[in-house]
Amino acid sequence: MAASPIITASEVLDLAEPLLLDSGQSLVGVRIAYEVYGTLSPARDNAVLICHATSGDQHVASPHPITGKPGWWDRMVGPTKPIDTDRFYVICANVLGGCMGSTGPSSPAADGQPYAMRFPVITIRDMVRAQVALLGALGIEKLYAVVGGSMGGMQGLSLAANWPHIAERVLAIGATATMPAQNIAFQEVGRQAIMADPDWQHGSYYNTGKTPAAGLGVARMAAHITYLSESSLTEKFGRRLQNRDAKTFGFDADFQIESYLRHQGLTFSERFDANSYLYITRAMSYFDLAEDHGGRLAEAFADTKARFCVVSFDSDWLYPTELSRTLAHALNAAGAPVSFVELSAPFGHDSFLLEVPELDRVVAGFLGQ
C-alpha cells in the first residue's frame with residue numbers, strides 16, 4: 001500500500017453511563033480525550049491501541065498543543081513506520097486522571113468546580129475500563145494489538161488479564177505486572193515534594209493564580225533521574241560545568257546535569273497538572289496483577305488467548321530485566337504464547353522512547369505476525 005499522510009483526529013467521548021471504579025466509587029460524566037491515526041478496516045480488525053506512560057498523553061504522533069513538540073512516539077507511529085498507519089487504525093487516549101482532556105482532578109465536578117482532591121483514587125484497571133468504554137463507542141470489539149511502554153505496558157497487561165477477549169496481541173515494553181517497593185518509594189518522594197509545596201494548597205490551587213510548580217518540578221527531577229542510566233548521564237554530562245570556567249561555591253546550577261534537571265522540572269510543570277501526577281503515580285503504586293490471585297501471577301492470565309511480546313532493556317534499572325523475565329515465566333505458566341527479549345541500549349528506562357533500531361525491528365516484527 002502506498003504511503004499516505006497520517007490521518008489525525010482529536011476527539012472526545014463523553015460516557016453516557018457512570019464509570020464504576022475499583023475503590024467502589026463511581027464517576028459520572030467521564031470524558032475521554034483521544035486521537036486516531038489511519039483508517040479502520042471494513043472488518044474492524046486492524047485496530048491498535050497504544051497506551052501512554054506516566055507523563056504522556058494522546059498526542060502519540062501529532063504535535064503537542066502546549067509545547068509544539070512532535071508526538072511522544074512520532075518515530076514509531078506513522079506511514080511505513082513500525083506501527084504502520086497505512087495498515088493499522090491506531091488509537092491513543094489520555095488516561096483517566098490525566099490533564100489533557102480526559103476526566104481528572106482538574107476537571108469540573110457536579111458543582112462546576114474542579115474536583116481537586118475530591119477526585120477518587122483510581123487504579124490502572126480503572127484507566128483501562130475507560131479505554132474499554134472508548135473501544136465500545138468506536139464499535140471495536142477486538143484489538144489487533146495493544147502496545148505500551150512503562151505504565152502503558154501495565155495498561156496492556158491489565159487489559160489482557162481483566163478483558164482477555166479483546167486484544168489478540170500484547171506488546172509490553174519496559175513494564176511490570178507488579179510494582180516493586182523501590183519504585184513505590186521513588187513515586188512517594190515525588191508526591192511528597194508536591195504536597196510539601198505551600199502553593200499546593202491541599203490540592204485546591206485551581207483558580208488561585210498559584211500552582212505547586214516548584215514541588216512538581218522537584219518530583220519530575222527525581223523521576224527523570226530514574227528514567228536514565230548512569231552511562232548515559234556520564235556520556236552526556238559527566239562533571240562538566242554549565243556556562244562557566246570554575247565552580248561558584250554557591251548553589252546555582254554549576255554542573256550541566258543540574259541545569260538539565262532544573263530545565264526538565266520547569267518545562268514539565270508548564271504542561272502537566274500536579275494533582276494528576278499524584279493520582280497517576282498512586283495508581284501505578286497500587287498496580288499488582290497477582291494480588292487478586294493469591295500472589296500467583298500466572299493465574300491472572302489464565303483466560304487470555306493473546307500472544308505476548310515482552311521487551312526489556314539492559315540499562316533499565318527502574319524496571320529491570322528480572323521483572324520482565326518474571327512476567328514472561330508467568331505467561332508461560334499460564335500457557336500463553338510469549339516472546340521475551342532483552343535489548344541492549346544505553347539510555348535506561350527511556351530507551352523505549354529513543355532511537356533504538358532493535359526495538360523498531362521487534363515492534364514491526366511482532367505486529368507483522
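1. A word on terms before we start: a polar contact here is a pair of N or O atoms within 3.5 Å, and within protein one of the two must be able to donate a hydrogen and the other to accept it. Please keep in mind, too, that this is a predicted model.

2. Let's begin with the layout.

3. How much area do domain 1 and domain 2 bury between them? The figure is about 2,500 Å², with 63% of it on carbon and sulfur atoms. On the domain 1 side, the most area is lost by Ser55, Met117 and Trp317, which together make up 23% of what that side buries.

4. Now to the polar side of this interface. Between domain 1 and domain 2 there are 13 residue pairs in polar contact, both residues at pLDDT 80 or more, while the rule finds zero salt bridges.

5. The largest nonpolar core has 81 residues, of which Ile91, Leu143 and Phe301 touch the most other members. Both domain 1 and domain 2 give at least three residues to this core. Beyond its neighbours within four places in sequence, Leu143 is in contact with residues including Ala47, Leu49, Ile166 and Glu168. Another core, of 30 residues, lies apart from the largest one, and among its members are Met76, Val77, Val356 and Val362.

Technical notes:
Residues numbered from 1 in each chain as written. Predicted model: local features only at pLDDT ≥ 70, side-chain atom pairs only at ≥ 80, totals over all residues. Heavy atoms only, no water. Buried area = accessible area lost by both parts, 1.4 Å probe. Salt bridge = Lys/Arg side-chain N within 4 Å of Asp/Glu carboxyl O. Polar contact = N/O pair within 3.5 Å; in protein donor to acceptor, adjacent residues only side chain to side chain. Core = buried A, V, L, I, M, F, W, Y, C linked by side-chain atoms within 4.5 Å. Buried < 20%, exposed > 50% of the residue type's maximum accessible area, 1.4 Å probe, protein only. Domains from an automatic or database assignment. Contact = heavy atoms within 4.5 Å.
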